[in-house]
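I opened this notebook to keep track of what I looked up, one entry per topic. The structure comes first, then my entries.

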Amino acid sequence: MSSDQIMIKIDSLNKSFGHIQALENLNLEIKKGELLGIIGPNGAGKTTAIRIICCILQPNSGEVTVGGYSIHHDQIKIKSMIGYLPEEPNLYERFKARELLRYFGELYGVPRDQIEGRIDQLLELVGMSHRADDRINTFSKGLRQRIGIARALIHDPEVIIFDEPTMGLDPATSQAIRNFIKELKGEKTVILCTHYMHEADLLCDRVAILNQGKILDMGTPKYLKEKIHGDLILQVRVHDPQKIDRNQLMALESVEGVNLDGNQFLISLHSREDIPHIIDVFGAQTIAVNTKEPTLDDVFIQTTQ
Ligand SMILES: Nc1ncnc2c1ncn2[C@@H]1O[C@H](COP(=O)(O)OP(=O)(O)OP(=O)(O)O)[C@@H](O)[C@H]1O
Ligand SMILES: [Mg+2]
């Protein structure tokens, strides 16, 4: 990758809090216009990594550059390049939505003649135009999150970092926010930390799996899903599981495992060629047959356990 294509470069990053090593020799490159997902269990180091990139936290050692600028020397420049939605946006409660956005717009140096237009555009984008003149302390969690997103974008940053943007939101609001993130694709460089695997799968160009401060694996959602199984799961619902001879199934070359869940058999396969033989074994006992592709949930569980 040539250096002008890289927007964020993380090099040998270490961070500890007392005896807890939150990040251990972390290396990562994020391309311009890329939407990178970071997934990982609680305490994996996702928020710590993000806070270092945003110059909110200092690492113990290592370097991060954003657009070629160093977190050690160019903090003001980096802060102006990044829009950050924290896990729990701390909004000034007594401000009205429009006032809050105006305040941050001025803080980030958005030209005065552009600021009101920008605020209108962002309120429209996050579906909050009708609440522009209501105070933040009258907003529900999802509405605050929407204003948090608008605040992160007020200075039209090149890099946008979302730390669990849809956590605890209702399905419609989550979808609105996901659609919005999707629209940023290709235009902006985006980091998305999420515990929702379908969200990572839907939105991200690449996903990094972080655990105990280290990246365990990284790639496109498709690559990660293919890598863990390379195979598929056949689900066969039957009338009476007792009437099925598991040994006959296990004897088939492509069958890797047979599990029973109620009256449904889950058969792991490394190729499709034995599917007709499996269907023969079930014969008239069969109620329904389905194949299940591995999901990012499967990837998460297999990689981090
Ligand atoms: N300010 C702090 N002081 C002490 N320990 C901290 C601090 N911030 C983070 N840690 C610890 O560092 C580790 C990584 O935390 P971090 O918040 O980065 O995890 P995360 O991956 O964002 O987790 P989650 O999914 O729960 O948000 C955890 O063990 C956490 O307890
Ligand atoms: Mg976190």
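Entry 1, the whole protein. I began with the contacts between residues separated by 6 or more positions, and 68% of them join residues 24 or more positions apart. I note here that the model is a predicted one. Next I looked up the secondary structure and found eleven helices and 14 strands. The C-alpha trace spans about 75 × 45 × 35 Å along its principal axes. I also checked burial: of the 305 residues in the protein, 36% are buried.

Which residues surround ligand 1? I listed Phe17, Ile20, Ala22, Gly40, Asn42, Gly43, Ala44, Gly45, Lys46, Thr47 and Thr48. I then sorted this shell by class and got four nonpolar residues, six polar ones and one charged one. Two elements, strand E2 (20-31) and helix H1 (46-53), each supply at least two residues of the shell. H1 has the largest share, with three residues.

I stayed with helix H1 and picked Ala49, which is found in it. Is Ala49 buried or exposed? I found 29 C-beta neighbours inside 10 Å, so Ala49 counts as buried; the cut-off for buried is 20 or more. Leaving out residues up to four places away in sequence, I found that Ala49 touches Leu23 and Leu26. I also looked up the pair Ala49 and Ile10: they are 39 residues apart in sequence, and their C-alpha atoms are 9.2 Å apart in space.

I took helix H3 (residues 97-107) and helix H5 (residues 141-153), whose axes come within 9 Å and cross at roughly 25°. Angles under 35 degrees count as roughly parallel, and H3 and H5 are therefore roughly parallel to each other. The crossing in which H3 passes H5 is right-handed.

Which residues of H3 meet which residues of H5? On the H3 side I wrote down Ala97, Leu100, Leu101 and Phe104, and on the H5 side Ile147, Ala150 and Arg151. By class, the residues of this contact of H3 with H5 are six nonpolar, no polar and one charged.

Methods: Residues are numbered from 1 along each chain as its sequence is written. Chains are lettered from A and ligands numbered from 1 in the order in which they are written. This is a predicted model: local features need pLDDT of at least 70, side-chain atom pairs count only at pLDDT 80 or more; totals for chains, interfaces and linings use all residues. A residue is near a molecule or strand if its C-beta atom, placed from the backbone, lies within 6 Å of it. Helices (H or I, at least four residues) and strands (E, at least two) are DSSP runs, numbered from the N terminus. Ala, Val, Leu, Ile, Met, Phe, Trp, Tyr, Cys and Pro count as nonpolar, Asp, Glu, Lys and Arg as charged, and the others, Gly among them, as polar. A residue is buried if 20 or more other C-beta atoms lie within 10 Å of its own, exposed if 12 or fewer, and partly exposed in between; C-beta atoms are placed from the backbone. Two residues are in contact if their C-beta atoms, placed from the backbone, lie within 7 Å. Axes are lines fitted to C-alpha atoms, for helices over the stretch in contact, and angles run from 0 to 180 degrees between N-to-C directions. Angles under 35 degrees count as roughly parallel, over 145 as roughly antiparallel, 65 to 115 as roughly perpendicular and the rest as oblique. A crossing is left-handed if the near helix is turned anticlockwise from the far one by less than a right angle, and right-handed if clockwise.
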